[in-house]
Amino acid sequence: MITKRIIPCLDVKNGRVVKGVNFTGLLDVSSPVELGKYYSDNGADELVFYDITASSEDRAIFTDILKEVASTIFIPLTVGGGINTLNDFDRVLKCGADKVSVNSGAIKNPSLIYEAAKRYGDQCVVLSADVKRVDGVFKVFAKGGRENTGMDALEWIKRGVDNGAGEIVLNSIDTDGVKKGFDLEMLKAVCDIVSVPVIASGGAGKVEDFIELFKTLPKVDAGLAASIFHFGEVRINELKKALKDNDILVRL
Amino acid sequence: MVAIIDYGVGNLFSLASSFKQIGVNVVVTGDKEVIKNADKIILPGVGAFEDASKKLFSSKLSDVIVEQAQKGVPILGICLGMQLLFQKSYEYGEHEGLGLIKGEIRPIKEVIPSHLKIPHIGWNALKFSKEKNQLFKYINENDCVYFVHSFYGANCEDSVIATAEYGAPLTAAVVCKNVYGCQFHPEKSGKVGLNILRAFCEME
């Protein structure tokens, strides 16, 4: 059967991984290429590269970096950030991305998901949603979680899947950075309404949080995190051994 | 030299990089003369069977592949490339393949329980059929490889050398003489995948 996936996310700005990292044995801890290779060699099942630059000049730097990463790492690569058009899909796929993650771009132009799925296949299109409770209702936020769109998150995600999104990354703004575990309530609500893979994001602080995630919600396919991996608070190979010891199927 | 056949289907960047990684001289080409001179041939492919097979047949690259296969040149089809080696496919209609592997391509949903998600996407363990094939000489049974597919090789029992369990044993790799096929993506399967490509490159 398909294994549960552990996915580190690297935010890249001006060709560097932002947010500090503390790995011993890496010559250049903020090099996307070195860090990507480190993760790939140490048990990551997939990598997400997120372009957090704004200018088109920086975008070209990101694209070059992506190409270099893709030529040295032989696991699936997902790329997100600044994906607004089919040309953006084309640009990153040509550099070796396997999947493309859309967020604000799909909010601005909801037909993007449909058009991209039609051209590249559902498996290529990942809908990433930043979701927060507002008066007890799950709402979609845009612009990196700063702006409430007013849209109902469950309706938005359901619509995205109907339009061809092959995978959902659910990032809970409520639990993000809190490090007290994933947002199981929000994840369950999403798992109940979609049949495509769901990737949990936001809130992981320790190994036990991942065990709880997969034990409580067997329908969740993957756990994504950034700083806890970058800072070495959770080591991916140790995490995967712990998951295996808890009878959760992983690739070792 | 390994020739990766470029017939306008999908992006071959990762595939070419993976051969470079294992130190193998590789060329991505649609030139028939170059393909005829290659020691090994890779038939890649993503997307729909009908579109890909049309491109292969209309460009007559299909003739070159079949000719070289008959001459004994090792050929490896990857993902849709593996499916194209079969006799026919029932992906949205009925389409002819290259006929180098006996069997047909059918929807996964015909054989797996309805609660399982389609496509079969992610890392899954290889189960070897019969004795371990040379293609797997550098890897072990139950090593995981990366799959993305909604259709699978059926009625090809004689050729199957590995399966992956997904509610049913799905064809993961096939061989018929010098013609090999992987349903999974070795170029996305980490060290295990690179070791499979390395073993293929060492085939006589």
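**Figure 1. I61(A) sits in helix 2 of chain A.** This is a predicted model, and our tour opens on a single side chain's surroundings. Is I61(A) buried, exposed or partly exposed? I61(A) has 17 C-beta neighbours inside 10 Å, so it counts as partly exposed. Once neighbours within four places in sequence are set aside, I61(A) is in contact with N14(A) and G15(A).

**Figure 2. Helix 1 of chain A packs with helix 2 of chain A.** Let us stay with helix 2 of chain A for this view. Helix 1 (residues 32–41) and helix 2 (residues 56–70) of chain A meet at an angle of about 30°, and their axes are 9 Å apart. The crossing of these two helices is right-handed. Helix 1 of chain A brings P32(A), V33(A) and G36(A) to the contact, while helix 2 of chain A brings I65(A), E68(A) and V69(A). Sorted by class, the contact residues are four nonpolar, one polar and one charged.

**Figure 3. Helix 3 of chain A packs with helix 5 of chain A.** Here the pair is helix 3 (residues 86–94) and helix 5 (residues 111–120) of chain A, with axes 10 Å apart and an angle of about 40°. That angle makes helix 3 of chain A oblique to helix 5 of chain A. The two cross in a right-handed way. Which residues of helix 3 of chain A meet helix 5 of chain A? They are L86(A), F89(A) and L93(A), and their partners in helix 5 of chain A are E115(A), A116(A), R119(A) and Y120(A). The contact has five nonpolar and two charged residues, with no polar ones.

**Figure 4. Helix 8 of chain A crosses helix 10 of chain A.** The axes of helix 8 (residues 207–216) and helix 10 (residues 236–245) of chain A come within 10 Å, crossing at roughly 40°. These helices are therefore oblique to each other, and their crossing is right-handed. On the helix 8 side of chain A you will find V207(A), F210(A), I211(A) and F214(A), which meet L239(A), A242(A) and L243(A) in helix 10 of chain A. By class, the residues of this contact are seven nonpolar, with no polar and no charged ones.

**Figure 5. G153(B) lies in strand 11 of chain B.** Moving over to chain B, we look at a glycine in the strand that spans residues 151–154. G153(B) counts as buried because it has 26 C-beta neighbours inside 10 Å. Apart from neighbours within four places in sequence, G153(B) is in contact with Q83(B), F86(B), G103(B), I105(B), T171(B), V174(B) and Q183(B). From C-alpha to C-alpha, G153(B) and I121(B) are 16 Å apart in space, and they are 32 residues apart in sequence.

**Figure 6. Chain B touches chain A.** On the chain B side, the elements giving two or more residues are helix 1 (13–21), strand 8 (120–125), strand 10 (144–149) and helix 6 (190–201) of chain B. That side of chain B has nine nonpolar, nine polar and four charged residues. As for confidence, the predictor gives the complex an ipTM of 0.89 and a pTM of 0.92. Chain B averages a pLDDT of 95, and 100% of the residues score at least 70.

Conventions: Residues are numbered from 1 along each chain as its sequence is written. Chains are lettered from A and ligands numbered from 1 in the order in which they are written. This is a predicted model: local features need pLDDT of at least 70, side-chain atom pairs count only at pLDDT 80 or more; totals for chains, interfaces and linings use all residues. Two residues are in contact if their C-beta atoms, placed from the backbone, lie within 7 Å. Helices (H or I, at least four residues) and strands (E, at least two) are DSSP runs, numbered from the N terminus. Ala, Val, Leu, Ile, Met, Phe, Trp, Tyr, Cys and Pro count as nonpolar, Asp, Glu, Lys and Arg as charged, and the others, Gly among them, as polar. Axes are lines fitted to C-alpha atoms, for helices over the stretch in contact, and angles run from 0 to 180 degrees between N-to-C directions. Angles under 35 degrees count as roughly parallel, over 145 as roughly antiparallel, 65 to 115 as roughly perpendicular and the rest as oblique. A crossing is left-handed if the near helix is turned anticlockwise from the far one by less than a right angle, and right-handed if clockwise. A residue is buried if 20 or more other C-beta atoms lie within 10 Å of its own, exposed if 12 or fewer, and partly exposed in between; C-beta atoms are placed from the backbone. pLDDT is the predictor's confidence in each residue, from 0 to 100.
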